[in-house]
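User: I'm new to this one and would like to learn how to read its features. Could you walk me through a few?

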Amino acid sequence: MHIVELPTDLYTNDSVSEDRPVDLLTSAVHVKEGGLVYDCAWYPAMNSTRPETCCWIASRQHEPIQLWDAFTGGLRCSYKGYDQFDEVEAALSLTFAPIDGATLYGGYKKSIKCFDINVPGRETCSWRTKPTASCMAIASSMPHTILYGSWNRSISALDARSGECLSVGNYAPENSHTAGVTWIVFAPDTETLFVTGARKDPKLLFWDVRKLTQPIQTLQRTCGTNQRIYLDFSPLGQWLISGDSRGVLHAWNLHELDEQGQPKELLFPLHWDCLNGVSFHPTSPIMATASGQYHFPTAWRGIEDDELDASVPEESTAPKGSTKVENSLTLWWIGKGLFSDE
């Protein structure tokens, strides 16, 4: 896990010259993990002037949830979720209670567990779930309702007070995703709306918490990978952005509709490889994107072109070197207008 600091001039400038050289940033903090990192989240009440609040949580394979210091990279404490055999299991998704972050929620294979951020160790409460909680989201206006998606395509709303679950949509093609749900995010300007995305599914579904039987709108992106491709809203909720498996950034203006009544969409080819991570800076006109995916070795690597069977379709015999591998974190200056046609 890496923490990268922004160049200092970006904090004070209102604009960035096109002649400004591109900074090659290195990790200010680097934490080596022994296994795959499943999820991570910043402490929502973080303030750089108060070092005790500068931390993040992360969950990795075969390990409990761990709280890390953002200044030193040191491990502060661990939060342990136990399975039915009373053995520690890894959380697959993480989220903090909104606003103050006093409570931490972990999504597990058959449960969602709750931890007091001030009391490391075992969970304070747990709710059994039939599907795996692969992603979660909580709105500040509804702090006791946990929305979570699962790898079995389902979306559910859990009431933390009663433990009751309510299904979101159903398994009909028009009311659900075609594969496992990997990301849920609430619109910041109106927390009655949220968006879900799934792996190997081109659909982004808009939902209204006041009517959970069917989505109110569907957007399209290219998603040909099993990995999570993130979504993010601009701080004021006007723009929704998402990457795709081609390396193209999709940006939808939710306040402006096209001729078909859909949000106006802008496309930006930013990366050579899968664009999986997107994030708006909360206060500055800066956007972060991340690229990369696992590439399987081709079956015909090392075979000369003249040795390929003529019966193999032309589109299945990709030329050597046609796959561009890119693993990067890139920061973009997007201006005061966030996006424009210019």
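**Reading rings, patches and contacts**

Analyst: Happy to. Keep in mind that this is a predicted model. Let's begin with two residues: both Tyr43 and Phe96 are buried.

User: How do I describe a pair of aromatic rings?

Analyst: You give the distance of the centres and the angle of the planes. In this model there are eight aromatic pairs. One of them is Tyr43 with Phe96, 5.7 Å centre to centre and with 75 degrees between the planes. Planes over 60 degrees apart count as edge-to-face, and that is the label for Tyr43 and Phe96.

User: Where in the chain do Tyr43 and Phe96 sit?

Analyst: Tyr43 is in the loop between strand S3 (37–42) and strand S4 (55–60), while Phe96 belongs to strand S8 (residues 93–96). They are 53 residues apart, so to speak a link between distant parts of the chain.

User: Which residues touch Thr53?

Analyst: Leaving out residues up to four places away in sequence, Thr53 touches Tyr43, Ala45, Met46 and Asn47. Thr53 is also found in the loop between S3 and S4. As for cover, Thr53 counts as buried because its relative accessibility is 5%, and the cut-off for buried is under 20%.

User: Which tryptophans form one aromatic cluster?

Analyst: Trp42, Trp56 and Trp68 do.

User: Now the surface. Which residues make the nonpolar surface patch of about 310 Å²?

Analyst: That patch is made by Val4, Leu25, Leu329 and Leu331. Take Leu331, which lies in strand S27 (residues 328–333). Leu331 counts as partly exposed because its relative accessibility is 34%.

User: Is Ser245 buried or exposed?

Analyst: Buried, because its relative accessible area is 19% and the limit is under 20%. You'll find Ser245 in the loop between strand S22 (239–242) and strand S23 (248–257).

User: What does Ser245 touch?

Analyst: Again not counting residues up to four places away in sequence, Ser245 touches Thr222, Cys223, Gly224, Thr225, Ile229, Cys274 and Gln293.

Technical notes:
Residues numbered from 1 in each chain as written. Predicted model: local features only at pLDDT ≥ 70, side-chain atom pairs only at ≥ 80, totals over all residues. Heavy atoms only, no water. Phe/Tyr/Trp six-rings, centres within 6.5 Å; stacked < 30°, edge-to-face > 60°. Helix = DSSP H or I, 4+ residues; strand = E, 2+ residues; numbered from the N terminus. Buried < 20%, exposed > 50% of the residue type's maximum accessible area, 1.4 Å probe, protein only. Patch = residues over 30% accessible without salt bridge, like charges linked within 9 Å, V, L, I, M, F, W, Y side chains within 5 Å. Areas by Shrake-Rupley, 256 points an atom, 1.4 Å probe, with all protein chains shown as cover. Salt bridge = Lys/Arg side-chain N within 4 Å of Asp/Glu carboxyl O. Contact = heavy atoms within 4.5 Å.
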